[in-house]
Amino acid sequence: MPRVKTTKGEEVNRDYNTTSSNSEERTVLNSRGAWQMWHQNRTRCPKGTVPIRRSTVNDVLRAKSLYDFGRKQRRMALARRTDAPDVVSGNGHEHAIAYTGTSQEVYGARATINVWDPSIQVVNEFSLSQIWVLSGSFDGSDLNSIEAGWQVSPELYGDSRPRLFTYWTSDSYQATGCYNLLCSGFVQTNSKIAIGAAISPVSLISGNQYDITILIWKDPKLGNWWMGFGDNTLVGYWPSQLFTHLADHATMVEWGGEVVNSRANGAHTSTQMGSGHFAEDGFGKASYFRNLELVDSDNSLSTVEDISTLAENTNCYNIKSSHNNEWGTHFYYGGPGNNPRCP
């Protein structure tokens, strides 16, 4: 596991109960770690096995085709600065994200992600909150991406619960990669964490806030990319052989939300991102990412000091970043989708 350090190289410990540095109101933020629903009935896997979510015939039938089952649609490039991340407009995906520059070598990333259950307008849309670890060309066919976070996808899972997920591709979402364990690629090693399992409990407006911590980091010895969940729980890894550019290192990290806007009724979707509230509504209403960190070439975790933010249509979904001692670099993001300013 990478070492946790501050920008001054000091080891730090973090607690889920933190204090807001907002000068308008200093309140204890009651944010707690979320877990997985299948643990509620005390189900455990036998020694030497791992939990795998069972795919049903109905799961496959909800997909557009057998080929499309478990795959993301290719991300189409939007006109942007040369150092801005790949985001989508042409195929109906919309984002509110924070991202690093492309000039540095990155060996992993971590963040704590607020968990909600956003409403989805139509079955083939989704709403997710995740980390992207990226390398390659955004406007070509060689983009490598490793992704993990939580997602609500009625088409993929058959319900509207937020679920822990992973994704990978080595060719810009064309022929390689898939969600979770729906193709060969991600190798699960943990017997207590189920990829694709529902997360519970979830946050409530003006109520308790729940979050999960996701770490993606490159093993400096064998070169595989590992996923961590919570404090120090390793879930599994993506073998380095899956990738071209990421076989060495990443060049960009993105954190944030993504939704599909299919415009089913000729209007912008009402599928929510995050909690369904805009960023300016703040803690207890808007969804957040906190304690954004990067893994460097020394296998050390450091607070992200310089990020940019991007949202295609701020009348539908937006993002606002900040920094304080408790949450480090963090941001609020999301929105309701369709509203009078987002027709």
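In this predicted model, the side chains of aspartate 211 and arginine 290 meet in a salt bridge, with an N to O distance of 3.1 Å. The pair links distant parts of the chain: aspartate 211 belongs to strand β12 (residues 209–218), arginine 290 belongs to strand β16, and 79 residues separate them. Both aspartate 211 and arginine 290 are buried.

The side chain of glutamate 293 meets that of arginine 110 at 2.8 Å, N to O. Here arginine 110 lies in strand β6 (residues 108–114) and glutamate 293 in strand β16 (residues 287–295), so that distant parts of the chain, 183 residues apart, are linked. Arginine 110 counts as buried because its relative accessibility is 13%, under the 20% limit for that class. Glutamate 293 is likewise buried, with a relative accessible area of 1%.

A further salt bridge joins the side chains of arginine 163 and aspartate 159, at 2.4 Å from N to O. Arginine 163 has a relative accessible area of 7% and is therefore buried. The count of salt bridges comes to 3, and the table sets them out.

| Salt bridge | N to O distance |
|---|---|
| Aspartate 211 and arginine 290 | 3.1 Å |
| Arginine 110 and glutamate 293 | 2.8 Å |
| Arginine 163 and aspartate 159 | 2.4 Å |

In general terms, side chains of opposite charge can pair when their charged atoms come close.

A search of the whole structure finds 14 aromatic pairs. One of them is the pair of phenylalanine 165 and tyrosine 179, which is edge-to-face, with 5.8 Å centre to centre and 70° between the planes. Phenylalanine 165 lies in strand β9 (residues 163–169), whereas tyrosine 179 lies in the loop between β9 and β10 (187–188), so the pair ties together parts that are 14 residues apart in sequence. Phenylalanine 165 is buried, at a relative accessible area of 0%, and tyrosine 179 is buried as well, at 4%. Tyrosine 288 and tryptophan 327 form an aromatic pair that is tilted, with 4.5 Å centre to centre and 40° between the planes. Because tyrosine 288 lies in strand β16 and tryptophan 327 in the loop between β19 (318–324) and β20 (328–334), this pair ties together parts that are 39 residues apart in sequence. Both tyrosine 288 and tryptophan 327 are buried.

The side chains of aspartate 139 and serine 137 are joined by a polar contact of 2.8 Å. Aspartate 139 and serine 172 are 33 residues apart in sequence, and their C-alpha atoms are 8.7 Å apart in space.

Conventions:
Residues numbered from 1 in each chain as written. Predicted model: local features only at pLDDT ≥ 70, side-chain atom pairs only at ≥ 80, totals over all residues. Heavy atoms only, no water. Salt bridge = Lys/Arg side-chain N within 4 Å of Asp/Glu carboxyl O. Helix = DSSP H or I, 4+ residues; strand = E, 2+ residues; numbered from the N terminus. Buried < 20%, exposed > 50% of the residue type's maximum accessible area, 1.4 Å probe, protein only. Polar contact = N/O pair within 3.5 Å; in protein donor to acceptor, adjacent residues only side chain to side chain. Phe/Tyr/Trp six-rings, centres within 6.5 Å; stacked < 30°, edge-to-face > 60°.
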